[in-house]
Amino acid sequence: MNDPVTDVGLITPALVDLDLDGHAADKDAAIRRLVQLAYDAGRVTDVEQMLADVRAREAQMATGLEGGIGIPHARSAAVRVPTLVFGRSSAGIDFGAEDGPARIVFLIAAPDDGEGEHLTVLAALARRLVHQSFREALINAGDSEDVVELIRSEVENR
Amino acid sequence: MKFVAVTSCPTGIAHTYMAAEALEQAARDAGHEIQVETQGAGGLQALDQSVIDAADAVIFAADVEVRGRDRFAGKPTVTAPVKRAINGAAAIVEEAVQAARSGVVTAAAPAGSSRGLTTKVDHDAGVGTRVRQWLMTGVSYMIPFVAAGGILIAFGFMIARFAGGDNGAIEVTKIPIADLIKHFDATSGMQWAALLFQVGVAAFGFLVPALAGFIAFGIADRPGIAPGFVGGALAGVVGAGFLGGIVAGFLGGFVALWVSRWRVPKAVASIMPVVLIPLVATLITGGLMIVVLGRPLSWVTEKLTAGLNNMSGGSLILLGVVLGLMMAFDMGGPVNKVAYTFATTGLTAAAIASHGTQLTVMAAVMAAGMTPPLGLALATVVRKELFTEPEQENGKAAWLLGASFITEGAIPFAAADPLRVIPSIMVGSGITGGLVAAFGSELAAPHGGIWVTPLISGIPGYLFAILVGTGVTAALVVLAKSVRRTEVAEDEVSVSGAHAATNMATV
């Protein structure tokens, strides 16, 4: 068992992978990579459990969205705190969107026993994702700190 | 415009909120107001009922069952997968605008105008508007069947008139479908006429089921369709006509709504919308239509027939008036059927040979059955603004249908606004029936409208009676619909059902 997380913010630099291509060739590998990051950061207690939950959700309906974005997500007993893991791919990874592969991928993880309040931060993030300017800023972000800063300022301080 | 929306998705942490944001953005960009209820894992902030009541249309962007759907009952609704709301929110908002425009009776005050009043009036106005919207939903889906079926039948008569001579329009109905299947002859005009006629009749078979099915759909959404359609079909079986169809629609819709509110174990909940609600609601609706509605209807039919038989010895003009009133009352329903059957059973060989009064009765019945669609078609031309867009479209087809003695052409108007339309067309048909009887025109054909004109004696009086009835019908409909309008303008408070009823009493 990994150590529980201490920084409970939605995302930290350790949860950003700007070179997803280097670690994953397809959707499944990409999801595994992002789940692994969440595990390493102490936010997920069980990689396999989390993977199973995300795949189950993905099987219902692909989470790729128009505009090069993939949002694999799940509520899972394996999640300690609401967590966002961000991955960026220059080649693109197919998440089933009609207009092509995803350039940016968000793994959104929520505890499954949560009631309301602490999930609102995820709701706020989801709402920001719709905005083209936010997506573009993420695509153009220079490093992991930039990504974290961008998300925190847009989502957590609102 | 003002919209409300519900977004939801299986997990409830991502798509629900993205769709909400996208819809809010798209609505704002298009200059509309929208409030979104996100039914996600982040807790449910239920929309205020007053906000829902004030909305012009509802958008459901949901991949799972919308919670508390009945709060939105009776509103024009657009339904889309949650992903579509994220990728194409602007298009969905545009669909909602269209739904709001076509779903609301133009003569009625928009639902939003009743905001800020006392609860009681607000509630009254809400019910009146809702009932009109439910009826309009059913009518707008029924109109294609009326238009397609009616025009095909009319063309069938028309072709038969030219291909088969004076009796063509009568002979064409005697060619059975089995005949067409076995040896359809593409070189025979009568065969083509019969083909058009039979397809038209098949389309008419859906008229009442579609009306009932989509009224129920308006009330209870998808779970209402099966009970509504089946109830509507059974309204046809028990001979209840389109008024029976309206009953079936409301019955099916509210039963489905009621069943959908049952608290069921989780294991059953997943099959609720697809299996359980339609199953239970269809059984209840269909059962009631047969058991409760069937017997009193056959009793009414019996009594009415006996009443007509008693009258046949008396004044022919009075009989013509009564038959005219009956023809227009329910257009294909039990009362109409009694009058029509009374006339056609009089067409015995003996009566035709001796030129009995039975032939005048038939002429009166046919003329009286032609004026409702004709009068309403005229009204849509004279005072277009009193009718909704679908009604205006139907008005164009109604000319041909009326001329061909297809009284059903008036049903969409009557179903959308029964309290104003039915009395108006009854008076017009009553006058026509009385006039034809007074002129003593004779007819030995049971159907065909203007396509059997050569078989009519006393044509000038016959046509005059139809013209008068058409004019009276149009005038009364316009009057009945305008009275409500001025009333609403004077007293901006409500368009409640109570007001409508009072108006009718004074007309």
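This is a predicted model: local features need pLDDT of at least 70, side-chain atom pairs count only at pLDDT 80 or more; totals for chains, interfaces and linings use all residues.
Colleague: How many helices and strands does chain A have, and in what order do the elements run?

Modeller: Helices (H or I, at least four residues) and strands (E, at least two) are DSSP runs, numbered from the N terminus. Chain A has five helices and six strands, and from the N terminus on its elements run β-α-α-β-β-β-β-β-α-α-α.

Colleague: What share of the residues of chain A count as buried?

Modeller: A residue is buried under 20% relative accessible area, exposed over 50% and partly exposed in between, with a 1.4 Å probe and protein chains only. Of the 158 residues of chain A, 52% count as buried. Accessible areas come from the Shrake-Rupley method with a 1.4 Å probe, and for residues only the protein chains shown count as cover; chain A exposes about 6,600 Å², of which carbon and sulfur atoms supply 45%. As for contacts (heavy atoms within 4.5 Å), among those in chain A between residues at least 6 apart in sequence, 70% join residues at least 24 apart.

Colleague: How many residues of chain A are in contact with chain B, and how much area do the two chains bury between them?

Modeller: The size of an interface is often given as the accessible area lost when the parts come together. Buried area here is the accessible area (1.4 Å probe) that two parts lose on being put together, summed over both. In this model 24 residues of chain A are in contact with 20 residues of chain B, and the two chains bury about 2,000 Å² between them, 65% of it on carbon and sulfur atoms. On the chain A side, A:L65, A:R127 and A:V130 lose the most area to chain B, together 30% of what that side buries.

Colleague: How many salt bridges are there between chain A and chain B?

Modeller: A salt bridge is a side-chain nitrogen of Lys or Arg within 4 Å of a carboxyl oxygen of Asp or Glu, and the count between chain A and chain B is two. In one of them B:E21 pairs with A:R127, the closest N and O atoms being 2.9 Å apart; A:R127 also forms a salt bridge with B:E24, where the closest N and O atoms are 3.2 Å apart. That pair crosses between chains, from A:R127 in helix α3 (residues 120–129) of chain A to B:E24 in helix α1 (residues 15–29) of chain B. B:E24 counts as buried because its relative accessibility is 18%.

Colleague: Which salt bridge links B:D417 to another part of chain B?

Modeller: B:D417 forms a salt bridge with B:K481, the closest N and O atoms being 3.0 Å apart. The pair links distant parts of the chain, with B:D417 in the loop between α19 and α20 of chain B and B:K481 in helix α21 of chain B, 64 residues apart. B:D417 has 9% relative accessibility and therefore counts as buried, and B:K481, at 4%, counts as buried too.

Colleague: How many aromatic pairs are there over all chains?

Modeller: A pair of aromatic rings is described by the distance of the centres and the angle of the planes. Rings of Phe, Tyr and Trp (its six-membered ring) pair if their centres lie within 6.5 Å, and planes under 30 degrees apart count as stacked, over 60 as edge-to-face and the rest as tilted. The count comes to 16 aromatic pairs over all chains. Among them, B:F387 and B:F413 are edge-to-face, 5.8 Å centre to centre with 85° between the planes, and both B:F387 and B:F413 are buried.

Colleague: Which residues form a nonpolar patch on the surface?

Modeller: Patches are made of residues with over 30% relative accessible area and no salt bridge, like charges being joined within 9 Å and nonpolar side chains (Val, Leu, Ile, Met, Phe, Trp, Tyr) within 5 Å. B:F155, B:I159, B:F184 and B:W192 form such a nonpolar patch, with about 330 Å² of accessible area together. B:W192 lies in helix α8 (residues 189–204) of chain B and counts as partly exposed because its relative accessibility is 38%.

Terms used
Residues are numbered from 1 along each chain as its sequence is written. Chains are lettered from A and ligands numbered from 1 in the order in which they are written. Side-chain values use heavy atoms; hydrogens and water are left out.
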